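Subject: Structure handover

Dear colleague,

I am passing on the structure we spoke about, and below it you will find a summary of what came out of the analysis. Please read the text with the model open beside you.

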Amino acid sequence: MPVITCIDDLKRLYRRRVPRMFYDYAESGSWTEQTFRENSSDFAQIRLRQRIAVDMTGRSTATEMAGHPVTMPVALAPVGLTGMQNADGEIKAARAAEKFGVPFTLSTMSICSIEDVAAHVEKPFWFQIYTLNDDDFNARIIDRAKAAGCSALVITVDLQILGQRHRDLKNGLSAPPKLTIPTMLNLATKWGWGLEMLGTKRRFFGNIVGHVEGVSDPASLSAWTAEKFDHALNWDKIRKLMDMWGGKVILKGVMEPEDAEQAAAIGADAIVVSNHGGRQLDGALSSIRMLPEIVAAVGGKTEIWMDGGIRSGQDALKAVALGAKGVMIGRAYVYGLGAMGEAGVTRALEVIHKELDTSMALCGETAVTRLGRHNLMIPKGFLDGFA
């Protein structure tokens, strides 16, 4: 294994190993990609306060997220097409997360099915669902998640309509890849990825193909999803999904205080401050800028997490210090998965944990639960520079 010191090391390996369309799928945003970029760059404006002469022994990054014990306040976010980043990718990521002691969230748009992942792990994982206008499909996939022992439902609430992602359109994104001349030329340089994909039977969207009448190939799947995103979504429909599940629910995609207050009012066990990784409304503020205002609005009525732009343990520390109970990472673990499979996801988690633990200690804290605004220096206007 090469020496990996940071998430960017994994990203470089990932870019060399994975076909361009799947690299671009992960490493891009909608329209001009302003929000995608600022999700990460805004973290750099927040500085840490160094403390000295503090006993750093007995440190702990352990805490809970929605009642689940975690080794550190980090969960693997739902990411579509993960099984195209590396063969059987969802299974590999779930196993790495389980061994490390952090939650894994399976996307509805995964390549490996709910049942595939459940057969390869020992502990419950979380399942993510979109707000679709197909009540029959919603009920059936929720029943499948229950049967697989999933312990929480993550409802993505910011995808009523798909934001345009230029690179996906230009690359002709599909799973498996369509064999156009540009695609075949690119695949010819990714022989390691190709050999692994030839060794698995999981190359389609396992939660949908075979479970929806008339969906049997990428074209029919694309048509089905375009019709099923619920343009008429409202809070009553979100509540209906929560009632169908009947267990712990996390609402992901909240970016405004009034929406957060409503999410808390209907009983969400956690709210994820997220702009879908900058892949939906381009021009929205970064998640880290919106986090403190939402924390203040909810006032402890439910847990607040954050997603978007986290590429280090220091980023996770800053989010927690600004009031997040935990964070979700997507691209950071996908880089590791694409670079080195399960071992790469483990390495990504190790890097983030090491950075979080070391930075926490140098800030004078011995428990992640004690982090707060006192550990940060925030530039004037960062949190209230927009009206």
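A search of the whole structure, which is a predicted model, finds one cavity of 30 Å³ or more. The largest cavity has a volume of about 40 Å³, and the residues that line this cavity are Thr108, Met109, Tyr130, Leu132, Ile208, Trp224, Thr225 and Phe229. Sorted by class, six residues of that lining are nonpolar and two are polar, while none is charged.

Turning to the pockets, the largest pocket holds about 1200 Å³ of space. Its lining is made up of 50 residues, and those nearest the centre of the pocket are Tyr25, Leu162, Arg165, Leu173 and Arg279. Several elements supply at least two residues each to this lining, namely helix 2 (20-26), strand 6 (126-130), helix 8 (166-171), helix 11 (218-228), strand 11 (326-329) and helix 16 (331-362). Of these, helix 11 gives the most, with six residues. By class, the lining of the largest pocket has 25 nonpolar, 17 polar and eight charged residues.

The second largest pocket holds about 590 Å³ of space. It is lined by 25 residues, and the closest to its centre are Val157, Asp158, Gly253, Met255 and Asp259. Helix 12 (235-245) and strand 8 (249-254) are the elements that give two or more residues to this lining. Here the classes come to 14 nonpolar, seven polar and four charged residues.

As for the fold, eight strands form an open sheet with parallel pairing, and their order across the sheet is 4-11-10-9-8-7-6-5. Strand 4 (74-76) and strand 5 (105-106) stand at the edges with a single partner strand each, so one side of each is left without a neighbour in the sheet. Within the sheet, strand 8 runs parallel to strand 9 (residues 270-273) and is joined to that strand by four bridges, and Leu251 stands opposite Ile271 in strand 9. Helix 7 (residues 135-147) packs on the sheet, where this helix touches strand 6 and strand 7 (152-156), and the direction of helix 7 makes about 175 degrees with that of strand 6. Helix 16 also packs on the sheet, touching strand 4 and strand 11, and its direction makes about 160 degrees with that of strand 11.

Not counting residues up to four places away in sequence, Glu27 touches Lys11, Phe36, Arg167, Arg331 and Tyr335.

Gly67, by contrast, lies in the loop between strand 2 (63-65) and strand 3 (68-70), and this glycine is partly exposed, with a relative accessible area of 38%. Leaving aside neighbours within four places in sequence, Gly67 is in contact with Lys248 and Glu303. The C-alpha atom of Gly67 is separated by 36 Å from that of Arg12, and these two residues are 55 residues apart along the chain.

With best wishes

Key: Residues are numbered from 1 along each chain as its sequence is written. This is a predicted model: local features need pLDDT of at least 70, side-chain atom pairs count only at pLDDT 80 or more; totals for chains, interfaces and linings use all residues. Side-chain values use heavy atoms; hydrogens and water are left out. On a 1 Å grid over the protein atoms alone, a cavity is a set of points where a 1.4 Å probe fits but cannot get out, and a pocket is an open set with protein on both sides within 12 Å along at least five of seven lines; lining residues have an atom within 4 Å of a point. Grid points are joined across faces, edges and corners, and a volume is the space filled by probe spheres set on the points. Ala, Val, Leu, Ile, Met, Phe, Trp, Tyr, Cys and Pro count as nonpolar, Asp, Glu, Lys and Arg as charged, and the others, Gly among them, as polar. Two strands pair if DSSP finds at least two bridges between them. Contact means heavy atoms within 4.5 Å. Axes are lines fitted to C-alpha atoms, for helices over the stretch in contact, and angles run from 0 to 180 degrees between N-to-C directions. Buried means under 20% relative accessible area, exposed over 50%, partly exposed in between (1.4 Å probe, protein chains only).
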